[in-house]
Amino acid sequence: MTCPSRRRLLLVAILLALPSLATAADASEVFAPKLAYTGEAAATLDGGKSSGTAYAGQLMFGADVNLDAAFGWRGATIKAYGINRHGTNLARSSTGNSTSVQEIYGGQGTRLANLTLEQKLLNDRLVLEAGRSVANIHFLGSELCQYFQGNSACGNPTYVFRTSNFTWWPVSSWMADATAWVTPDVYVRVGAYQVDPSQAEDGQHGLKWSANQATGWVVPYTIGWRSPASARLKAKYEVGGWQDNSTYRDPLRDANGNPALLSGQVTASRHGRAGAFVRFEQQVSSDGNGRGLTVFGAALKGTSGQLIEDHFLQAGLVQKGTFASRPQDSIAFVVTQQKYSDIALENLRLARAAAGGSGTPHDSQVMMELSYGIQLTPQLRIAPNLHYIVHPDQFDEPARQRDLPNALIAGLRIDWSL
């Protein structure tokens, strides 16, 4: 097995050598560079655990390489992306809840986020992709996420990460998925993603490719309909779910079926969870030039396993083009509800009682975000935003004796892309 340091050198050599493939054809046809930076600042204005500020940033770099243009390998593309994530998390330091208002925080450091081969077949009606990647850029993602900063809705509905080991950007693992277009507008997609919790540790580099610490696989699937390219009002509707056979910890009970907080034992190791979802994006107005209003929503529900949350609801809107003089600006609003399970609430009640408190925390958390995006240049966009959290959850601090106050947070998202 190649040692990690040699793998790093090999990856750097590959990334540096990619432009040389253009000798077989025009560089712009072979090599599509990717370079982007996102920064997310946040400050608690009122409520939460304490006042405070935080900043998180993400640099993304890499390229798509068209192997048809380079070598005549029809329909094949290499996708190689690296990530550097840095900064701090306001939820941890100030608001006290476990759902961040900075969706790019997590998987800190520099790492390989994606290295896959995509192959299109049957006149592009079948798309296969395999290599090192993550589930959440292939399933339950949305281009509308670029208009928001909070993590309850973006990059994916947070419910899927709270109730499964759904893999997330930029913590890559072995994967394969397939998308089949049944008709020009209807598609079916299914994937398999290896679960390896060790890959998520800070300081990991994404080049440890051994499977000896893997705990199972998560298999997401989707059936969807997308409006034709000629449609004036764009739309997408999906129904799907996921099966997760990897291990996880019971939210309440030990191996003997007793509450672990009372028995003093560790919570039991379980395996096997599943869930389902429906979601939509529907444009309701358009001027034909990119301006218009899109509404969206989603509902996610667990179907098996011992889960920390019962269900998740999301609704929102994005208006592209706000004023005649600001056709590239946007205004966006989203609201989400995370409803906790009875067993998770019982565990929180027991933890509070053990710490000398009383009562049970609220059974759901509602998060809202209002954002205004200002397109300064074609490459640079800033988006001031406001967040309001109703009944911040207690999962990161279960021994709190009192509920966290509702929190008001100001944020600023900055996006620059090549």
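Phe166 is buried in this predicted model, with a relative accessibility of 3%. Phe166 forms an aromatic pair with Trp242, and the arrangement is edge-to-face, with 6.5 Å from centre to centre and 70° between the planes. The two residues come from distant parts of the chain: Phe166 belongs to the loop between H5 and strand E6 (173-181), whereas Trp242 belongs to strand E9 (residues 235-249), and 76 residues separate them. Trp242 also counts as buried, here at 0% relative accessibility.

Phe166 and Trp242, together with Leu300, have the most contacts inside the largest nonpolar core, which has 16 residues. H5, E7 and strand E11 (292-304) are the elements that each give two or more residues to this core. Another core, of 10 residues, lies apart from the largest one, and Leu144, Phe296, Val318 and Val334 are among its members.

Turning back to the rings, the model holds 10 aromatic pairs in total. One of them brings Phe139 and Tyr193 together: the ring centres are 6.2 Å apart and the planes stand at 90°, so this pair is edge-to-face, given that angles over 60 degrees fall in that class. Phe139 is in the loop between strand E5 (126-133) and helix H5 (159-162), while Tyr193 is in strand E7 (residues 186-195), so the pair ties together parts of the chain that lie 54 residues apart in sequence. Both partners are buried: the relative accessible area is 2% for Phe139 and 0% for Tyr193.

The charged end of Arg189 sits over the ring of Phe139, at 5.5 Å from the ring centre. A further example of a charge over a ring involves Arg132, whose charged end sits over the ring of Trp174, 4.8 Å from the centre of that ring.

Terms used: Residues numbered from 1 in each chain as written. Predicted model: local features only at pLDDT ≥ 70, side-chain atom pairs only at ≥ 80, totals over all residues. Heavy atoms only, no water. Phe/Tyr/Trp six-rings, centres within 6.5 Å; stacked < 30°, edge-to-face > 60°. Helix = DSSP H or I, 4+ residues; strand = E, 2+ residues; numbered from the N terminus. Buried < 20%, exposed > 50% of the residue type's maximum accessible area, 1.4 Å probe, protein only. Lys NZ or Arg CZ within 6 Å of the ring centre and 35° of its normal. Core = buried A, V, L, I, M, F, W, Y, C linked by side-chain atoms within 4.5 Å.
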